[in-house]
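Good morning, and thank you for coming. I would like to take you through one structure this morning, beginning with a single pair of residues and widening the view from there.

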Amino acid sequence: MDKHDTPARPQASDARPVLEGPDIARVLTRIAHEIVERAKGADDVVLLGIPTRGVFLAQRLAAKLEQITDRTIPVGSLDITMYRDDLRMHPPRALARTDIPGDGIDGRLVVLVDDVLFSGRTIRAALDALNDIGRPRAVQLAVLVDRGHRELPIRADYVGKNLPTSLRETVKVQLAEEDGRDTVLLGAKAGQ
Amino acid sequence: MQRHLISAADLTRDDAVLILDTAEEMARVADRPIKKLPTLRGRTIVNLFFEDSTRTRISFEAAEKRLSADVINFTAKGSSVSKGESLKDTAQTLEAMGVDAVVIRHGASGAPYRLANSGWIDAAVINAGDGTHQHPTQALLDAFTVRRRLLGRDAGLGQDLSGKRITIVGDVLHSRVARSNVDLLHTLGAEVTLVAPPTLVPVGVDTWPCTVSYDLDSALPKSDAVMMLRVQRERMNAAFFPTEREYSRRYGLDGDRMARLPEHAIVMHPGPMVRGMEITAEVADSDRCTAVEQVANGVSIRMAVLYLLLGGNEPAQTRTEEK
Amino acid sequence: MSKILIRGAKVLGGEPQDVLIDGETIAEVGAGLSAEGAEVVEAGGKVLLPGLVDLHTHLREPGREDSETVLTGTRAAASGGYTAVFAMANTFPVADTAGVVEQVWRLGREHGYCDVQPIGAVTVGLEGRKLAELGAMHESAAGVTVFSDDGKCVDDAVIMRRALEYVKAFGGVVAQHAQEPRLTEGAQMNEGVVSAELGLGGWPAVAEESVIARDVLLADHVGSRVHICHLSTAGSVEIVRWAKARGIQVTAEVTPHHLLLTDELVRTYNPVYKVNPPLRTERDVLTLREALADGTIDIVATDHAPHPHEDKDCEWAAAAMGMVGLETALSVVQETMVDTGLLDWAGVADRMSFKPAQIGQATGHGRPVSAGEPANLTLVDTAYRGRVDPAGFASRSRNTPYEGRELPGRVTHTWLRGKATLVDGKLT
């Protein structure tokens with residue numbers, strides 16, 4: 001597919017940035033340090049990004065972890081499409097890549113990485129998907145933005161920014177790899 | 001995509017590429033310890049087989065089960081030409097049991113089309129081979145195999161088969177595999193050549209989007225893939241060709257002929273192979289022959305088709321269909 | 001029987017005239033006829049034709065009364081403007097004896113909707129091996145003059161030759177269902193572009209043409225008359241044209257559906273389009289129309305072939321072949337021949353009444369609309385257009401390919417020997 005060729009859609013005029021490129025880099029660095037700290041050296045950490053943008057965030061985090069620990073950090077992707085609980089509400093979506101690092105996840109500390117934590121349903125699906133792939137020692141969650149409004153008992157272990165929002169607002173993460181620039185935009189839902 | 005999959009000709013290029021890309025992801029599930037996805041939980045699929053075809057039924061069944069669908073197998077064994085009424089009645093009986101999709105194999109060309117369009121049932125209909133008409137999932141798995149081998153697993157993603165030269169050899173007249181492949185490969189941009197004795201090419205083939213040749217040897221050096229069709233020995237009795245030996249000599253693929261293929265070219269066979277007839281053991285067992293791979297790919301393709309037709313509240317949309 | 005005055009009818013499509021029926025015959029044709037003592041039917045510019053004659057009808061009785069009976073079939077015929085139909089021999093038992101043909105003939109007379117002229121089988125049981133008792137059938141009350149194994153081809157050249165020769169003794173005619181059996185084994189539809197795509201067994205044009213070619217040569221050789229049933233291909237037209245130019249005694253019929261429908265319809269796999277011979281191509285359809293217009297093809301015959309619902313409500317290969325046609329024939333002919341300018345109403349009267357009666361020697365039918373002739377008449381509202389609704393058919397079967405199709409023309413009245421069988425579109 002050619003969606004990486006598509007220029008980022010122009011945002012509604014009232015969409016305002018809440019994190020800019022340097023902020024994003026900074027919070028990822030902080031999260032990397034937190035992971036090392038909590039995982040006691042991060043020697044069994046596997047990072048799994050949730051497509052699309054979670055994968056890029058996972059790769060960036062891995063790079064930072066490698067700088068800190070001077071070790072190779074396994075990083076992969078986990079597509080949760082076929083585990084979603086809202087499949088029957090939409091036409092089927094194109095699948096994204098699930099790419100589990102060669103040594104697998106059994107007995108490892110898996111850190112799931114996503115851009116925005118909202119209802120928690122994506123993470124629920126990710127936990128189910130993980131269950132079919134192996135048995136990690138523990139699973140943790142890192143997100144760039146937590147915008148609240150959880151519908152399931154799920155919380156993040158590492159949060160880049162807590163962003164209180166209303167349900168009428170949208171949170172849009174843009175990353176250079178996909179969108180040509182790094183930013184997090186808070187806007188109003190179309191038509192509101 | 002349309003609600004039913006009756007003919008390979010019903011697929012647009014984007015539909016077909018989406019199916020192949022989806023199948024590529026489905027194939028990765030086969031490498032996992034737990035080869036199961038919850039996607040079709042609660043969906044009921046019936047495999048309605050009026051014609052014996054263990055390999056196709058098993059392939060569909062494996063795909064359905066990997067997607068967690070509830071599977072009912074119905075095999076109308078022995079009824080070579082089952083009465084029309086029983087097709088309708090059987091279908092309606094199954095519908096009454098709350099079936100979401102019917103995978104149908106039938107000896108009569110058009111039976112799946114009829115099932116999908118006669119108002120007998122509401123379920124989605126997937127054609128698993130009808131008479132000498134179509135076998136769309138076979139064509140899809142063949143295209144998938146070609147793309148993987150000629151372009152590569154990852155490099156092939158999002159790609160069609162533009163410019164690839166595919167030669168299909170054998171009993172085109174009686175082959176639903178040939179019809180489906182001509183349609184699909186053409187849609188995907190490939191150049192298709194049919195090679196057969198003139199008796200085994202249908203009258204009217206001149207309107208098909210392919211070229212026809214009676215000479216295998218001249219077609220081979222210009223082929224990126226050569227697809228051998230099964231030739232039933234009984235055809236000999238209806239004067240389609242004089243003897244098995246003459247058929248093999250003129251249209252069979254042996255080691256010498258395989259050597260005329262370009263180095264990268266592959267040899268395909270939908271199975272079951274008639275060794276010694278259209279293909280020699282030497283070719284069938286060579287690294288270039290993808291017959292076994294095709295079987296594995298069949299499960300991935302059928303998973304993809306089932307997911308894209310049944311995974312949501314309506315069939316998947318491709319870019320051209322999005323509003 | 002009283003008098004009926006049909007006022008202002010375009011006789012054979014000509015200027016409006018009055019036609020007075022007295023009893024079983026036409027008393028007078030002219031302008032401003034007196035209505036005294038007569039029931040008046042205001043024709044209001046409708047076209048008056050001689051009662052139509054169908055040389056090719058399947059009434060199914062005896063044996064398949066679930067699809068049609070002599071009663072329902074003749075009611076359908078009256079509905080379609082017919083006053084005489086020739087009933088094909090492929091019943092159960094086969095009409096290959098005097099007993100069966102007399103039974104069918106009597107039933108037709110008793111019901112009184114339309115004369116039924118049985119066709120006798122050429123060979124015993126339609127099996128193509130042994131001549132049936134053609135003479136006995138001719139001498140029976142039914143007076144059979146047309147013989148046909150229709151549904152099957154008399155493919156054995158010797159049997160065909162003998163049959164052609166034998167019926168000369170009493171002026172009979174053999175109507176051939178031209179289909180080379182070996183070339184049509186497993187045939188499901190016309191062999192060509194569409195069959196190649198659909199994967200349905202092909203019925204090649206040559207299977208019809210080769211038999212017609214053989215039979216006109218045989219007829220020439222033995223000096224007999226041969227009639228070709230449901231001619232369906234452009235190539236057959238050429239052969240018949242050639243034969244006629246040579247002076248060979250050949251006549252040919254075309255069905256309404258072969259004048260209108262093509263094999264493209266088979267793409268729906270809907271068996272309502274399954275018929276034998278199969279629907280052909282656009283080119284064939286256009287050639288058949290021209291041949292009917294120029295007289296190469298002599299007549300239109302319906303090949304009315306009723307089948308019960310379940311024999312069509314199934315997959316293509318399992319379905320029965322055939323279409324009902326009596327109640328739509330005239331509309332299809334108007335659509336394809338009259339409204340296209342190929343044929344006028346006098347031409348229609350010729351192809352659907354005069355000629356078929358002549359070929360089948362149906363006494364009292366296919367006569368001019370003039371004083372002293374039997375009052376077998378059909379009144380047609382040619383300005384009408386409407387959609388075909390099989391629910392309104394008088395036939396017991398509904399297997400029409402025209403359901404929902406808009407067609408012109410509607411038969412409003414039919415008189416059989418002065419007795420109205422259809423009045424204002426309703427059977428009496």
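Predicted model: local features only at pLDDT ≥ 70, side-chain atom pairs only at ≥ 80, totals over all residues.

**A sheet, a core and an interface**

Please look at chain C, where Glu253(C) has Ile299(C), in strand E15(C), as its bridge partner.

What is the order of the strands in the open sheet? In chain C, five strands are arranged as E9-E10-E13-E14-E15, with parallel pairing. Strand E9 (146-147) and strand E15 (299-300) of chain C are the edge strands, each pairing on one side only.

Let us turn to the interior. In soluble globular proteins, nonpolar side chains tend to be buried together. Here, the largest nonpolar core has 295 residues, and those with the most contacts inside it include Leu61(A), Val102(B) and Phe147(C). Helix H11 of chain B, residues 291-310, supplies the largest share of this core, ten residues. Leaving aside residues up to four places away in sequence, Leu61(A) touches Leu28(A), Ile31(A), Ala32(A), Leu47(A), Val113(A) and Ala142(A).

Next, the contact between two chains: 21 residues of chain B meet 16 residues of chain A. On the chain B side, helix H1 (13-29) and H11 each give two or more residues, and H1(B) gives the most, with five. That side divides into eight nonpolar, seven polar and six charged residues.

Finally, a word on confidence. Chain B averages a pLDDT of 92, with 96% of the residues scoring at least 70. Over residues 79-84 of chain B, however, pLDDT stays under 50.

Key. Residues numbered from 1 in each chain as written. Chains lettered and ligands numbered in written order. Core = buried A, V, L, I, M, F, W, Y, C linked by C-beta atoms within 7 Å. Buried ≥ 20, exposed ≤ 12 C-beta atoms within 10 Å, placed from the backbone. Helix = DSSP H or I, 4+ residues; strand = E, 2+ residues; numbered from the N terminus. Contact = placed C-beta atoms within 7 Å. Pairing = 2+ DSSP bridges. pLDDT = per-residue confidence, 0-100. Nonpolar A, V, L, I, M, F, W, Y, C, P; charged D, E, K, R; others polar.
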